[in-house]
Structure formats: C-alpha cells, structure tokens
Amino acid sequence: MFFFGITGDGYNGIMKPFCVRWCKSVLNFCKVNLAWVKVGNKFGYAGIIRNHLGTFISGFADWAMTEDNHTVVLMSVMSGIKLCKKLIIYNIVFEASSPLVNIINTGGNDLIGVSNLFYVRRRIFEELISFSYSISVINMEVNAVAQAVAVLGTMLKHYKELNRDQLLVYVQGLLNLDQIGFPYVYH
C-alpha cells in the first residue's frame, strides 16, 4: 500500500492499545488540572489542585452560561488562579487537554472569535504576574479527574470549592491511581 508517499507496509488496520499516565509536578510546584465539558446545552468547568507528591489539595467546579468554548476555558483558568491565590500557592503548572497558551496569549488574536475576550485574557496575565507558572497540554484520558469534576460543574447552580470528601468515590479512586502513577490504557 502506498498513499501520499507514505508506505503502509506492516499496518494491518488494528490499533494497538497504549498507556499514558498523569505525572506529578516538580518539587515545590502544584499542578492545576483544568477541564471543561458540554453536557446537553450546558458547559461545566473544573480544576483540581495537587502538590508535587500528587496529593489532592483542593478543587473547584461551576457551570458557565455561555455557548463559547473559549470563554469557558478562560473562566476555568481564572478560577484556578483565584483559588491558588486564596490557598497561597504561587508555584503552579496548569495542565489541560487543550492548548491554553493559544487562548490565553495576549500577543495576538490567533484564534478566530477570541478578540472579544481581550480584557479577560489581560486580567489573567495581570494575575499571573505574581506566580511562577507554566502551562502544559496533556491527553484527555490523563485528565480524567478534572473531566469528571467538570461534569459535576454542569449540575451546580454556583461556583463551588471542593474538598476531597465532596468528590464522588470513583473520582477519589482516580486521584489515588494518579498519585501512585497507575497508567490509563486506551485504544
């Protein structure tokens, strides 16, 4: 088989499963895993904060009255920043399964339809000045904990900060598996 100059020799059409896992942050940094989902006609977003040992510190969830995915992303980032400030956490790694840098970046409107969010993005950068931070993109499967909590966000009426006991049992189980480095296997 030969297509677009690429040979398909050895490919039998069967995808092989592979493993991915959530990784802990470096020493003295916390990870803020962010996620957003749309259930029906309602967006929910969430964040999970864990220390460098993978221990759950806090979380948040809410719903967004918008049809714009970029607005929901920025709301999740801003909520994560505010909660980290409240908890006096200033060394953070934002993780999401979407390229946050493209949406947050104030250097230019490289995404169609986000120019109307200029002031929200500027506010995020103003808040981030006091942080030592980085942003990384991860597989959606690795972000399972934040994704599950984002679904909870679609059911809430108001923003809610979450402690571990308020999380569903299976989400607590996913936190435990992440902490020990247990891989997610998918096809």
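User: How many bridges join E4 to E5?

Analyst: Helices (H or I, at least four residues) and strands (E, at least two) are DSSP runs, numbered from the N terminus. Two strands pair if DSSP finds at least two bridges between them. E4 and E5 run antiparallel, and the bridges that join them number nine.

User: What pLDDT do local features need in this predicted model?

Analyst: Residues are numbered from 1 along each chain as its sequence is written, and side-chain values use heavy atoms, with hydrogens and water left out. The model is predicted: totals for chains, interfaces and linings use all residues, side-chain atom pairs count only at pLDDT 80 or more, and local features need pLDDT of at least 70.

User: Which residue is the bridge partner of Lys38?

Analyst: Look across to E5. There, Lys38 has as its bridge partner Phe43.

User: In what order do the six strands form the open sheet?

Analyst: The pairing is mixed. The six strands are ordered E8-E7-E4-E5-E6-E9.

User: Which are the edge strands?

Analyst: An edge strand here pairs on one side only. That holds for strand E8 (132-137) and strand E9 (160-162).

User: What angle does the direction of helix H4 make with that of E5?

Analyst: Across the sheet, the twist averages 20° from one strand to the next. H4 (residues 144-153) packs on that sheet and touches E4, E5, E6 and E9. Contact means heavy atoms within 4.5 Å; axes are lines fitted to C-alpha atoms, for helices over the stretch in contact, and angles run from 0 to 180 degrees between N-to-C directions. With E5, the direction of H4 makes about 135°.

User: Are H1 and H3 roughly parallel or roughly antiparallel?

Analyst: Their axes lie 10 Å apart, at an angle of about 25°. Angles under 35 degrees count as roughly parallel, over 145 as roughly antiparallel, 65 to 115 as roughly perpendicular and the rest as oblique. H1 and H3 are therefore roughly parallel.

User: Which residues of H3 make the contact with H1?

Analyst: H1 brings Leu74, Val77, Met78, Ile81 and Lys85. From H3 come Val120, Arg121, Arg123, Ile124, Glu127 and Leu128.

User: Is Val72 buried or exposed?

Analyst: Val72 lies in H1 and touches Trp36, Phe43, Gly44, Tyr45, Ala64 and Thr66, not counting residues up to four places away in sequence. Buried means under 20% relative accessible area, exposed over 50%, partly exposed in between (1.4 Å probe, protein chains only). With a relative accessible area of 0%, Val72 is therefore buried.

User: What separates the C-alpha atoms of Val72 and Gly44?

Analyst: Along the chain, Val72 and Gly44 are 28 residues apart. Their C-alpha atoms are separated by 7.8 Å.

User: What is the relative accessible area of Ser79?

Analyst: Ser79 is found in H1. Leaving aside neighbours within four places in sequence, Ser79 is in contact with Tyr45, Phe60 and Tyr159. Ser79 counts as buried because its relative accessible area is 10%.
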